[in-house]
Amino acid sequence: MPLRAAGGERPGWHPHLWHPFTQVATADPPLRVVRASGALLELDDGRQLIDAISSWWVTLHGHGEATIAAAIAHQARTLEQVGFSDFRHPAAEQLSERLAAASGLERLFFSDNGSTAVEVALKIAWQWWRNRGEPRRQLIAFEGAYHGDTFGAMAVGERSLFSAPFEPLLFAVARAPWPATWWGDDGVEAREAAALEHLEQLLDTPTAAVILEPLLQGAGGMALVREGFLRRVEALVRASGALLIADEVMTGFGRSGHLFACQRAGIRPDLMALSKGLTGGFLPMGVTLAREAIYEGFIGTAPGLTLFHGHSFTANPLGCAAALASLELLESRPQRHQGFEARHRPHLEALAAHPRVRRPRLLGSVAAFELATDAPGYLNPLGLRLQRLALERGVFLRPLGQVVYLLPPLCLDDDQLARCYAVIGEALDRL
Ligand SMILES: *Cc1c(COP(=O)(O)O)cnc(C)c1O
């Protein structure tokens, strides 16, 4: 039943819900979803939409994936929740073993989402130096970065419209350039060299940690760097002794074509933040992985050495069960994520010839380009116009300003993929 105007006379808006990143005065009211299956969302009026951005990058395999649903149901009947300071349980044990084997990082700390996974990584890095009796006070992040919306995560993220109201509350972070690249970019070497020089200078100051989104910055605009750049960043970080934090909240679990983007780039971080695809997109859960030597730095009889951080739902068994089932799917049919880049490529190549398309780039299942515009930025209206046109044709996109991207669930079939590109092509003609 369509909603009546209520709570301030706003037709189409629910009287009690408050939506994220949404300005009610100007946004279109949210669509009402009643179920979803595979790559499709079903609306209450019966319309079906291709979920071309995996419901904000979390739906990894597809909506309603049966084995994950079954694993959650089974776990719910067995053990739904227990405090994780005094207890451990088989689902958490198994997940820690599998993620350690998959990532090469031995210790796993649980939290509830991507922002908290980043917060925990920052707190661990900061306290690790303090526990050693040699506190380091500088953190380094990259321009354009997005690491989440809690205070610490906001502080290391690029300062923006989003963080502006809280600016005085955010701790200081040193920032290095992010030399993003795209197809046909001939200036990347010079930008990389300048970025590395800048980073090297920053690292002259004792640094606790350097945090980055390996290979692809997500919310900052699907900004891709080359693998070789990250390897040189790692070498500089190692030479300085600082810890390297990889925020794989978006790139993890096959999105880059490899299980982790760090593996594709050939770098080995000290700490890694994971969420989004972790549970296949079924349940909110975050994980921070750490090298064993970091864990060791928190062990001792002095109470102050302890990592005093935790959440009520730490290591929630349902989340662990979902994550185990999702990993099983990823590892048992790797061609699904490994082969996605090759499926995108011919479509993106064709689209790249369109006069409105700038800077095409591709990583694993993520394809992106920019709309030609004189005013790039999150508030650029072109992306929103394209979003509305695509929606009319049954494809859900959510451009970041002028940056348009596809980040579909791995189950998306060839016809659905072709449809996404066809709809974007038509929308570009009509913009
Ligand atoms: C989405 C995202 C986060 C924040 O995760 P939430 O679960 O939304 O808190 C952090 N880092 C990156 C790279 C992300 O894409």
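**View 1. Glutamate 234 and arginine 238 in helix 7.** Arginine 238 counts as partly exposed, at 35% relative accessibility. The cut-offs for relative accessible area are: buried under 20%, exposed over 50%, partly exposed in between (1.4 Å probe, protein chains only). This is a predicted model, where local features need pLDDT of at least 70 and side-chain atom pairs count only at pLDDT 80 or more, while totals for chains, interfaces and linings use all residues. Residues are numbered from 1 along each chain as its sequence is written, and side-chain values use heavy atoms, with hydrogens and water left out.

A salt bridge here is a side-chain nitrogen of Lys or Arg within 4 Å of a carboxyl oxygen of Asp or Glu. Why does the pair sit about one helical turn apart? Because glutamate 234 and arginine 238 are 4 residues apart in helix 7. Helices (H or I, at least four residues) and strands (E, at least two) are DSSP runs, numbered from the N terminus.

**View 2. Arginine 226 with glutamate 189.** Their side chains form a salt bridge at 3.4 Å, N to O. This pair links distant parts of the chain, 37 residues apart. Arginine 226 lies in the loop between strand 9 (223-224) and helix 7 (227-240), and glutamate 189 lies in helix 6 (residues 188-202). Arginine 226 is partly exposed at 31% relative accessibility. Glutamate 189 is exposed at 51%.

**View 3. Glutamate 93 with arginine 88.** Side chains of opposite charge can pair when their charged atoms come close. Here the salt bridge spans 2.7 Å, N to O. Glutamate 93 is partly exposed, with a relative accessible area of 29%. Arginine 88 is exposed, at 65%. By this rule the structure counts 25 salt bridges.

**View 4. Serine 256 in its loop.** The loop runs between strand 10 (243-247) and helix 8 (261-265). Is serine 256 buried or exposed? At 0% relative accessibility, serine 256 is buried. Its side chain reaches the backbone nitrogen of histidine 258 at 3.3 Å. Such a polar contact is a pair of N or O atoms within 3.5 Å; within protein, one must be able to donate a hydrogen and the other to accept it, and residues adjacent in sequence count only if both atoms are side-chain atoms. Leaving aside neighbours within four places in sequence, serine 256 is in contact (heavy atoms within 4.5 Å) with Thr251, Ala261, Arg264, Glu341, Leu363 and Gly364.

View 5. Cysteine 420 has its closest cysteine sulfur in cysteine 411, 11 Å away, so a bond is out of reach. Cysteine 420 is buried, at 1% relative accessible area. Cysteine 320 is also buried, at 0%.

**View 6. A nonpolar surface patch.** Phe21, Trp56, Leu161, Phe162, Tyr378 and Leu379 make up this patch. Together they have about 600 Å² of accessible area, computed by the Shrake-Rupley method with a 1.4 Å probe; for residues, only the protein chains shown count as cover. Patches take residues with over 30% relative accessible area and no salt bridge: like charges are joined within 9 Å, nonpolar side chains (Val, Leu, Ile, Met, Phe, Trp, Tyr) within 5 Å. Phenylalanine 162 sits in the loop between helix 5 (151-156) and strand 6 (174-176). This phenylalanine is partly exposed, at 32% relative accessibility.

Notes: Disulfide = S-S within 2.5 Å.
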